[in-house]
Amino acid sequence: MTPILDGAAPARPVSRRSFLAGSGGVLAAAALAACSPGAGSAGTTYDLLLPGDVPAQWDRVRGLVNAKLKADLGFEFSPEFINWTNYSSQALLKFTAGEDFQTALSARWLNIAQLIESQALEPLDDALASGDYPHLVASVNQDAFDANRWPDGAIYGIPAVNSAARIHHHIARGDLVDKYAGGSIENFDQLEKFWYDVVQKEGIPGYINRNSPFDVLGAPTGALYAQGWETPDLLPLYFSSDSLMFVPAQDAATTGSTNAVPFWEHAPYRESLHRVRKYYQDGIINADRLNADPATLKSQFDGGGAATTWGITDGLDTAGHLDQLEKAVPGATLMTLLPFRDGQSTRPHQTFQADNLVVVNAAGADTAAALQLLDWVSIQENHDLLQYGEEGTDWEPVGDDAYEPIGDYANFPGFALSWRIPLERKYSRMSESESSWFEWSKDYNNFTLDPFASFIPDLTEIETEHAQITAAVAEFGNPLFAGAVEVDKGLDKLKKAVDQAGLAKVQDELNRQADAHLAGS
Amino acid sequence: MSTSVEPPREVAATAAASRATQRGARGSRASNRSSIRGRDYGLVILAAPAVILLAVFAYGPMAGLVVAFQDFNVADGVFGSPWTGLDNFEFFFTSGNAGRIMWNTLFLNILFLGATLGSGVLLALMLNEIRGRVTKRLFQSVIFIPYFVSPIVVSIFLQAFLAGPGGRGGLVNDFFAVFSLPEVSWYTQPGPWPWILTFVKVWQLGGYMSVIFLAAITAIPEEVYEAGVIDGASRAQMALRITTPLLKPTAAILLVLGVGRIFYGDIGTIYAIVGDNGTLFETTDVIDTYVFRALRTYGDFGTTAAIGLFQSIVGFVLVVIATLVQRRYARETAIL
């Protein structure tokens, strides 16, 4: 046989059999090595899901947090950051696939109903009552827990909020408001005029955001929903927020009859659709609402490329944008706009359900450890380290309740893990208008309890119809909310699609459950 | 010169001898099929990792198809979730979208397959005519590079070309403006998207396909071209009447492989570019994007597994039909 190796003096011939056996053995060993568990580091590390981008300096701060976590609790954590665009779907998929992680952000506007239905979440009542997590229980008001009980009476998530109610509104360029609106905007008409002036004279959009039905239909306010700033008393009903919105009868609470109808039968909503379509055509809103990435839109606003963007009363309007905006547009300022007709004497309807719930994965490796972590971040020192970074390097305290960032570490999504009302510090450069509205949003007395506050419909009976209606809304509803299609034609297509998908059955089921809720409350 | 190409006698004889040898080899192997002889153990070990990999990652997961007939939830698992018969198939077939989505899948894949194969052959013929070695390699590399570009990057390119910042303008519309043509809102007009996606596929895969065809061209015996020169054929005639017909076997294999996946949408490209933009679903929503959207929106494994199973069965049937048709009409190039 011809030797495979030749030329080298001491080379011994390698037989075909030896070559094949050797190569096969190496490949088999490599395959087995690839399949075997990695060496891994010593100690336990728990994964968890967080929405958004990885904060700057995250590795350093995570190292500090893990060192303290290890010393205090004996384990470390390793959050996975998921872009907002994909967060809802990826988190749902990870839960329903039984992936091994500890906690995640969820809520009704995300997909908590589906997660509870598929038994993917751990009920937390027993654990919270056990006395093992005193810091957590002490830092979250019992009322907040009670407002977020599921119809089965269980608590499935820790409310991570820093105000009584989160109101959708506008974050505006204060310098442009000074220039085109005389320094203040008191109602929606003035806001609309401001947008048109900015588009005409500055050549930038008046308002940018990614597509959202809440922008157009409000809950009860929406950035583009004019009626919501006049009478913020309507909260639409829905099985899931990405599906069809229904409007209950105005007198449902007194008559006991919900009589909910699809959103297009409510005149102010139809008017809002036409208004958004006009804004789209006139260049008031961005035309890429259907496919724009949130990070791209944020960069656009922070770079001075729009007059207003979306905000919510969580105290992050200024902190989230001002530094970048000032770098791009010297002299620019920020302003928080809630153009209520009645100003701060308005009493918007609210359910007080938390927009952010930290839920524990039932398939997670260690539920007790998950709650230990939530308890650990409920201690001021740990909370500050995680949320603001290292004191003296990343931030410095200002007074008793504020902080000033001095490093690059910023934007940790505490709303998905560590937000606790008594522990939160305000951004030291928070604008006057944001400070005023943020304080207003913390007071429960500034809101009206909605008759459907604790109503959470169960979709078990209409799963298939609901899924098909959701698909129809994705195809025909979202373009309407983006203003991308002619309203009447778009509505015709949507109505036809949802009728075929089983609208009548879903509507009947919603009304049946809502009537039962009203009868029981 | 003759209009039809007959392989030279030498080539035909070599091919016949080769087939006879293969037949002999098959016959010999069949007689020894009953046992693995000592010298074959090396081959078995060599093949083992690939077989194990295939078993674990291709055949093993097929057991999960039972989920298509269950109301699956994580808590009960595959073995505990209740059986629902064919209920999961109802979601797709009663949605009113099934016909349109299947049509989109077939239409887009036929466009992709035809356009990429055609552009691959064309580019290979053009590259083959370049005489300068360095120039040829340079062009080859340049047209191959798009194959490595991520669909996400492609989607960003497209946005810059078609939409611009804030969804208005874009390079194409700027170009239109030069000729006083009206601006087109590309991301709200479903009509042009099959062609836009096909253009993207050709840009991505044209170079890749051309390399495969170039390899096939280099295997064509020089004597065939010499015969063409003697007959007075020009370069263009030789490319059209000699090279192109002799690329048929390669094209046939690529075609069958493509047909096997014709019921699979190119989710990487389509989803990265179209995303959840409902206005474009009319012409771009394919089975894969529909399944993916359904799964990530509803988290319902049963429904999505049912659609996936349907897709696999139709794909399998199409492969069998394509192979049978090929055996019937072009036996010499058939893969089975």
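Visitor: How far apart do the C-alpha centres of domain 1 of chain A and domain 2 of chain A lie?

Guide: The C-alpha centres of these two domains of chain A lie 27 Å apart. Domain bounds come from an automatic or database domain assignment; here domain 1 is 44-164 + 354-424 and domain 2 is 168-347 + 429-449. This is a predicted model: local features need pLDDT of at least 70, side-chain atom pairs count only at pLDDT 80 or more, and totals for chains, interfaces and linings use all residues. Residues are numbered from 1 along each chain as its sequence is written, with chains lettered from A and ligands numbered from 1 in the order in which they are written.

Visitor: How many residues does the contact take from each domain of chain A?

Guide: Two residues are in contact if their C-beta atoms, placed from the backbone, lie within 7 Å. Domain 1 of chain A gives 13 residues and domain 2 of chain A gives 15 residues.

Visitor: And how many come from chain A and from chain B where the chains touch?

Guide: Chain A contributes 47 residues and chain B contributes 39 residues. Helices are DSSP runs (H or I, at least four residues), numbered from the N terminus. On the side of chain A that touches chain B, α19(A) gives the most, with ten residues.

Visitor: Which residues touch the most other members of the largest nonpolar core?

Guide: A nonpolar core is a set of buried Ala, Val, Leu, Ile, Met, Phe, Trp, Tyr and Cys residues joined through C-beta atoms within 7 Å; buried means that 20 or more other C-beta atoms lie within 10 Å of the residue's own, C-beta atoms being placed from the backbone. In the largest core, of 121 residues, they are V177(A), F194(A), W195(A), V198(A), F246(A) and A472(A). α19(A) gives the most to this core, with ten residues.

Technical notes: Helices (H or I, at least four residues) and strands (E, at least two) are DSSP runs, numbered from the N terminus. A residue is buried if 20 or more other C-beta atoms lie within 10 Å of its own, exposed if 12 or fewer, and partly exposed in between; C-beta atoms are placed from the backbone.
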